[in-house]
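Student: I have a structure to go through with you. Could we start with the strands and then turn to the rings?

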Amino acid sequence: MKVTLLIPARYGSSRFPGKPLAPINGKPMIQHVYERASLARGLDNIYVATDDDRIKDAVESFGGKVVMTSPDAASGTDRINDAIALLGLNDDDLVINLQGDQPLIDPISIEQIISLFERHPGEFEMATLGFEIVDKRELDDPMHVKMVFDNDHNALYFSRSRIPFGRDTNDYPVYKHLGVYAYTKRFVNAFAKLPLGRLEDLEKLEQLRALEYGYKIKIAISAFDSPEVDTPEDIRKCELRLAVD
């Protein structure tokens with residue numbers, strides 16, 4: 001089983017155009033993501049998956065590898081599916097999907113999600129990460145996706161609302177979803193052919209499609225948060241965090 005990490009990155013964004021190239025401490029955000037991912041053990045290859053020549057040029061300028069995908073990709077998973085076809089991966093190969101707006105990703109989190117497949121071969125074909133919320137402002141913020149899982153750490157649901165809802169107490173852990181996925185090439189091929197899910201469409205959360213069609217999603221709880229950059233204001237927050245790290 002080869003392990004390939006893909007970083008999907010697109011230039012267009014309604015809230016933050018050109019986000020992957022936004023400078024953070026003098027380097028484009030996509031470079032921070034790539035370099036932090038490269039510190040993770042167990043990876044055979046890392047590529048940025050993009051359809052934009054500006055992003056391609058930026059990645060190649062710092063020595064990174066790029067796979068050029070179709071501009072018609074409707075979602076991040078479609079871009080991943082396009083990339084793995086171009087790279088000629090085998091059905092059992094593992095694909096890590098790391099969002100290109102996570103410049104603070106900890107390499108240990110990537111290793112943790114890889115180890116799920118090593119410790120539980122054949123039990124599932126998709127996994128992702130969660131983190132216990134410590135900033136109470138995130139509990140009711142729809143930009144932070146919440147998640148619940150069973151006693152074996154299989155996902156039960158993802159929502160933009162706070163879940164679970166404590167009827168009689170607020171003193172309980174709530175977990176948010178971190179935008180890192182791992183799956184076999186075979187699963188990505190199958191997932192890309194599935195129709196849009198009803199719950200997926202309501203919540204605008206692509207991972208719900210897998211649950212709606214009966215696939216397991218294994219959850220690993222990370223000790224490290226990995227906040228996403230959604231607005232220009234988030235850049236300054238990243239710079240402050242990197243200064244502390």
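Tutor: Strands β6 and β10 (residues 175-184) pair in the antiparallel sense over 5 bridges; strands are DSSP runs of E of at least two residues, helices are runs of H or I of at least four, both numbered from the N terminus, and two strands pair if DSSP finds at least two bridges between them. This is a predicted model, where local features need pLDDT of at least 70, side-chain atom pairs count only at pLDDT 80 or more, and totals for chains, interfaces and linings use all residues. Residues are numbered from 1 along each chain as its sequence is written, and side-chain values use heavy atoms, with hydrogens and water left out.

Student: Which residue in β10 is the bridge partner of Leu-98?

Tutor: Val-180 is the partner of Leu-98.

Student: And how many bridges join β1 to β6?

Tutor: Strand β1 (residues 3-8) runs parallel to β6, joined by 4 bridges. Leu-5 stands opposite Ile-96 there.

Student: Is β6 buried or exposed?

Tutor: In β6 (residues 94-98), 5 of the 5 residues are buried, so the strand is largely enclosed by the rest of the structure. Buried means under 20% relative accessible area, exposed over 50%, and partly exposed in between, with a 1.4 Å probe and protein chains only.

Student: Which residues cover each side?

Tutor: Leu-94, Ile-96 and Leu-98 lie on one side, Val-95 and Asn-97 on the other.

Student: Now the rings. Which residues form the cluster?

Tutor: Ring pairs link Tyr-181, Tyr-183, Phe-187, Phe-191 and Tyr-215. Rings of Phe, Tyr and Trp (its six-membered ring) pair if their centres lie within 6.5 Å; planes under 30 degrees apart count as stacked, over 60 as edge-to-face and the rest as tilted.
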